[in-house]
Amino acid sequence: MFKKWTEWLRPGSVCFILTRPPTTTLPFFRKAASLFQKSTADVPAMVDCLRHHGLKVEVSEEKMMFNMSKHRWYAVLRMRYMSCLHCLSDQDIEEGIAELERKKFRGERNITVADNIAAITVIKEC
């Protein structure tokens, strides 16, 4: 995939990639967490591939914190806000929300989540 980048990028160009590592602290139920892990890029492999094709790569991990009501989080899951959730049925989602309620959020009104982001800067040197 990245081989063509050496052709597309002009010398001195910078490209910025934001992605999530396969392990996440997002409050997913078990089935959603598994789908997320399978569908997420392997950041070290991506970096190795970019470097193999002669591109300079810098990586930093950023942590973004957010708070929301658990009912809003459940609504976000029901909307399948991430593409990895699109293959889940309504029943899968409802069973997953019930799992979260039993195991993580019983009695809670709000949740605090740390979302890990891998920030990858790709540079084609002159």
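A: A salt bridge here is a side-chain nitrogen of Lys or Arg within 4 Å of a carboxyl oxygen of Asp or Glu. Please keep in mind that this is a predicted model.

Q: How many salt bridges does a search of the whole structure find?
A: The search finds eight salt bridges. One of them joins the side chains of D115 and R20, at 2.7 Å from N to O, and this pair links distant parts of the chain, since D115 sits in strand β3 and R20 in the loop between β1 (14-19) and α2, 95 residues apart.

Q: What about E7, which residue does its side chain meet?
A: The side chain of E7 meets that of K4 in a salt bridge, with 3.8 Å from N to O. E7 counts as exposed at 55% relative accessibility, and K4 is partly exposed at 42%.

Q: Which residue forms a salt bridge with D90?
A: That is R80, and the closest N and O atoms of the two are 2.8 Å apart. R80 lies in the loop between α4 and α5 while D90 is in helix α5, so the pair ties together parts that are ten residues apart in sequence. D90 is exposed, with a relative accessible area of 56%.

Q: Why does R80 count as buried?
A: Its relative accessibility is 16%, and the cut-off for buried is under 20%. The backbone of R80 also deserves a look, as its phi is near 55°, a positive value in a residue other than glycine. Most residues other than glycine have a negative phi.

Q: Now the helix itself, which residues of α5 are buried?
A: In helix α5, which covers residues 90-105, the buried residues are D92, I93, G96, I97, E99, L100 and F105. They span an arc of only 160° around the axis, and this places them on the same side of α5. On the other side of α5, Q91 and R102 are exposed.

Q: What do the buried residues of α5 pack against?
A: They pack against α2 (30-39), α4 (70-78) and β3 (110-123). Just after α5, G107 takes a positive phi of about 80°.

Q: Switching to the core, which residues have the most contacts inside the largest one?
A: The largest nonpolar core has 20 residues, and those with the most contacts inside it are F28, W73, L77 and L85. The elements that give two or more residues to this core are α2, α4, α5 and β3. There is also a second, separate core of 13 residues, which includes W5, L50, A118 and I120.

Q: Back to L85, what is it in contact with?
A: Leaving aside neighbours within four places in sequence, L85 is in contact with F28, A32, L77 and R80.

Q: Last one, T121: where does it lie, and what does it touch?
A: T121 lies in strand β3 and is buried, with a relative accessible area of 18%. Not counting residues up to four places away in sequence, T121 touches V14, C15, F16, K56, V57 and E58.

Methods:
Residues are numbered from 1 along each chain as its sequence is written. This is a predicted model: local features need pLDDT of at least 70, side-chain atom pairs count only at pLDDT 80 or more; totals for chains, interfaces and linings use all residues. Side-chain values use heavy atoms; hydrogens and water are left out. Buried means under 20% relative accessible area, exposed over 50%, partly exposed in between (1.4 Å probe, protein chains only). Helices (H or I, at least four residues) and strands (E, at least two) are DSSP runs, numbered from the N terminus. The arc is that of the directions from the helix axis to the C-beta atoms. Contact means heavy atoms within 4.5 Å. A nonpolar core is a set of buried Ala, Val, Leu, Ile, Met, Phe, Trp, Tyr and Cys residues joined through side-chain atoms within 4.5 Å.
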